[in-house]
Amino acid sequence: KLYEKELSILKAKNRLRKRQIFTNIIDLASNDYLGFAEDKEIRKNAFNYAQKLPSHGAKASMLVNGYNKAHKMLENYLKELNNFEDALVLGSGFLANLALFELGRKGDVFFVDEEYHASGIIGSKLTNANVIFFKHNNLEDLKEKSKYLNHYKRVFFVVEGIYSMGGDMVKKEITNYAQENGMLIIDEAHSVGVVGENLMGITDEYNLNPSKTIKMGTLGKALGSYGAYILANKEIIEFLINKAKSVIYTTALSPVDTLLAYFALKKLQNNLSFYKNEIKKRKLILNSDSLIKILPSIDNKTLLLKQQNLLKQNILIGAIRPPTVKTPIFRMIGRVNVKIGIIQKTINYLKDNIV
């Protein structure tokens, strides 16, 4: 047997992962922040529009014959909402992060927050540019690490809008410093739909300069679909289309997924006041800048036991273990379509260390 020993070690450490289908649960685990993945109106609008298209399938790479009217619709709407010159839809956030690190060439540098998403960490290993990590959300360390900017041709600063395993927002002084000294790359996977005047993320919240920003967002979290996008100036998007392997050698995103995200965006913008109000109420209960609540666990065993106890009450939370995080944590999402009382009850239970 090839991996029996390694799997047995994971099991002994309570770190063995399994796929599981959950039904009839109150979902406080997924990143479906606004409940759009379960929204029948969005589904109906997307499927009705998809019926009019010549193909519901992706068919090919975007650069062969996979570029669809649905892609163009979504890209145009994203540009309009975010005030960027151009947009590019991709198959996933993972692929988008791989593409972003291809912007770096020999003689360039990326300064990357140490808690940046794993897909970006992998992307950083594939680039020909220099990669320097700085302490999480720490401006002083970033300044120290970036003292010799004139040694490099192109300079990129890489951060998340809201960090997925901490729930904290990138500090404004870090985004300001990045835009003053180079190009800011910001992963808005967990901030779009959650912060900003128009709920378009940190670029919206901090009023960042689009000409000094490259924004990546996902379609599979607050927008309830699947896929991702990059927003930037026309030159950068054209470069990615021509050079990024995760664009060139990947089948295009399905038109149906694209339309689900498009109509989710429409619903969000048509009901901004409602969603902003519901988000505000949940942030107060979560005591968080985001809809992510992180609570520490004593150990993996306690983590899994508490998760199972909540499942008996039909409540699902995230039980996140190393190596995803340094120490085990409960990760709970204050989703807009879950009653506030249930969110509060779950927090109270998780704060109690008695199993």
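1. Ser288 sits in the loop that runs between α13 (272-286) and β9 (292-296). The model is a predicted one. With a relative accessible area of 15%, Ser288 counts as buried, because the cut-off for that word is under 20%. Apart from neighbours within four places in sequence, Ser288 has contacts with Gly167 and Lys283.

2. The largest nonpolar core has 106 residues, and those touching the most other members are Leu34, Ile185, Ile214, Ile230 and Leu259. Helix α12 (residues 255-270) contributes the most to this core, namely 9 residues. As a general remark, nonpolar side chains in soluble globular proteins tend to be buried together.

3. What does Leu34 touch, if residues up to four places away in sequence are not counted? The answer is Gly193, Ala222, Leu268, Tyr275, Ile279 and Val336.

4. In helix α8 (residues 172-181), the buried residues are Ile174, Thr175, Tyr177, Ala178 and Gln179. In general, an α-helix has 3.6 residues a turn, so residues three or four places apart point the same way. The cover over the buried residues of α8 includes the strands β4 (130-134), β5 (155-160), β6 (183-187) and β7 (213-218), together with helix α7 (139-145).

5. On the surface, Leu2, Tyr3 and Leu7 make up a nonpolar patch, and their accessible area together is about 390 Å². Of these, Leu7 belongs to helix α1 (residues 4-12). Is Leu7 buried or partly exposed? Leu7 is partly exposed, as its relative accessible area is 46%.

Conventions
Residues are numbered from 1 along each chain as its sequence is written. This is a predicted model: local features need pLDDT of at least 70, side-chain atom pairs count only at pLDDT 80 or more; totals for chains, interfaces and linings use all residues. Side-chain values use heavy atoms; hydrogens and water are left out. Buried means under 20% relative accessible area, exposed over 50%, partly exposed in between (1.4 Å probe, protein chains only). Helices (H or I, at least four residues) and strands (E, at least two) are DSSP runs, numbered from the N terminus. Contact means heavy atoms within 4.5 Å. A nonpolar core is a set of buried Ala, Val, Leu, Ile, Met, Phe, Trp, Tyr and Cys residues joined through side-chain atoms within 4.5 Å. Patches are made of residues with over 30% relative accessible area and no salt bridge: like charges are joined within 9 Å, nonpolar side chains (Val, Leu, Ile, Met, Phe, Trp, Tyr) within 5 Å. Accessible areas come from the Shrake-Rupley method with a 1.4 Å probe; for residues, only the protein chains shown count as cover. A salt bridge is a side-chain nitrogen of Lys or Arg within 4 Å of a carboxyl oxygen of Asp or Glu.
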